[in-house]
Amino acid sequence: MKINIKATNLELTPELGDYLGERIAHFDKLFSGKPDSEPLLQVELARENRHHKQGVIFRAEYNLHVDGKQFRAVATEVDIRAAIDLARDELTREVKSDKQKRVTLVRRGARRVKDFLRGFYKR
């Protein structure tokens, strides 16, 4: 898996980098069964404080490109770690939903073939 990390308006400290690395490792497990595809994960961590009256707001954005498909998740929170976790959970949900849709489509097609063959051999 190729990973690009970008930090906007904040410094990517080693502690934050380690935390992000632990969270990104989750995606390696999702795509470990696909040796032919090389997923590209783009992560952007940002501090947005120009238009907020009180406090600092952090944003975590994930863009995942795999097998010609794109998945995107964005989360904004008061804590950067919470934003990283929320965006990761949203991206995981999108990837699993796409996988479930593909499995359902294959099963539906197999069911139709089976029903057709039952009707063909039934007398």
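This is a predicted model: local features need pLDDT of at least 70, side-chain atom pairs count only at pLDDT 80 or more; totals for chains, interfaces and linings use all residues.

Trainee: How many helices and strands make up the secondary structure, and in what order do the elements run?

Mentor: There are 2 helices and 4 strands. Read from the N terminus, the order is β-α-β-β-β-α.

Trainee: Why is the protein called more spread out than a compact globule?

Mentor: The globule rule gives 14 Å for 123 residues, whereas the radius of gyration of the protein is 20 Å; that is well over the rule, so the protein is more spread out than a compact globule. The C-alpha trace, for its part, spans about 75 × 30 × 20 Å along its principal axes.

Trainee: What share of the residues counts as buried?

Mentor: Of the 123 residues, 29% count as buried. The term requires a relative accessible area under 20%.

Trainee: What makes L91 a buried residue?

Mentor: Its relative accessible area is 0%. The cut-off for buried is under 20%, so L91 is classed as buried. L91 is found in helix α2. Leaving aside neighbours within four places in sequence, L91 is in contact with F27, L41, Y62, L64, F71, R72 and A73.

Trainee: Why does I24 count as buried?

Mentor: I24 has 5% relative accessibility, and the cut-off is under 20%; I24 therefore counts as buried. I24 belongs to helix α1. Beyond residues up to four places away in sequence, I24 touches I3, L41 and V43. From I24 to Q70, 46 residues apart in sequence, the C-alpha to C-alpha distance is 17 Å.

Trainee: Which residues of the largest nonpolar core touch the most other members?

Mentor: That core has 24 residues, and L41, L45, Y62, L64, I84 and L91 are those with the most contacts to other members. Two or more residues each come from α1 (14-30), β2 (40-48), β3 (57-66), β4 (69-77) and α2 (80-121). The largest share, 6 residues, is that of α2.

Trainee: What does L64 contact, if neighbours within four places in sequence are left aside?

Mentor: L64 is in contact with M1, F31, P39, L40, L41, K69, Q70, F71, L91 and V95. A pair counts as a contact when heavy atoms lie within 4.5 Å.

Trainee: How do you know that E94 touches residues beyond its sequence neighbours?

Mentor: Residues up to four places away are not counted, and E94 still touches F71 and R72. The place of E94 is in helix α2. The C-alpha atoms of E94 and A73 are separated by 8.5 Å, although these residues are 21 apart along the chain.

Trainee: What share of contacts between residues at least 6 apart in sequence joins residues at least 24 apart?

Mentor: The share is 52%.

Trainee: What makes the phi of N9 worth a remark?

Mentor: Most residues other than glycine have a negative phi. N9 is not a glycine, yet its phi is positive, about 60°. D67 is likewise not a glycine and has a positive phi of about 55°.

Trainee: Where does D67 lie, and why is it called partly exposed?

Mentor: D67 lies in the loop between β3 and β4. Its relative accessible area is 47%, and D67 is therefore partly exposed, since exposed would require over 50%.

Trainee: How far apart are the mean positions of the positive and negative charges?

Mentor: The 26 positive and 19 negative charges have mean positions 13 Å apart.

Notes
Residues are numbered from 1 along each chain as its sequence is written. Side-chain values use heavy atoms; hydrogens and water are left out. A nonpolar core is a set of buried Ala, Val, Leu, Ile, Met, Phe, Trp, Tyr and Cys residues joined through side-chain atoms within 4.5 Å. Buried means under 20% relative accessible area, exposed over 50%, partly exposed in between (1.4 Å probe, protein chains only). The radius of gyration is taken over C-alpha atoms; the globule rule is 2.2 Å times the number of residues to the power 0.38. Lys and Arg count as positive and Asp and Glu as negative; His and the chain ends are not counted. The place of a charge is taken as NZ of Lys, CZ of Arg, CG of Asp or CD of Glu.
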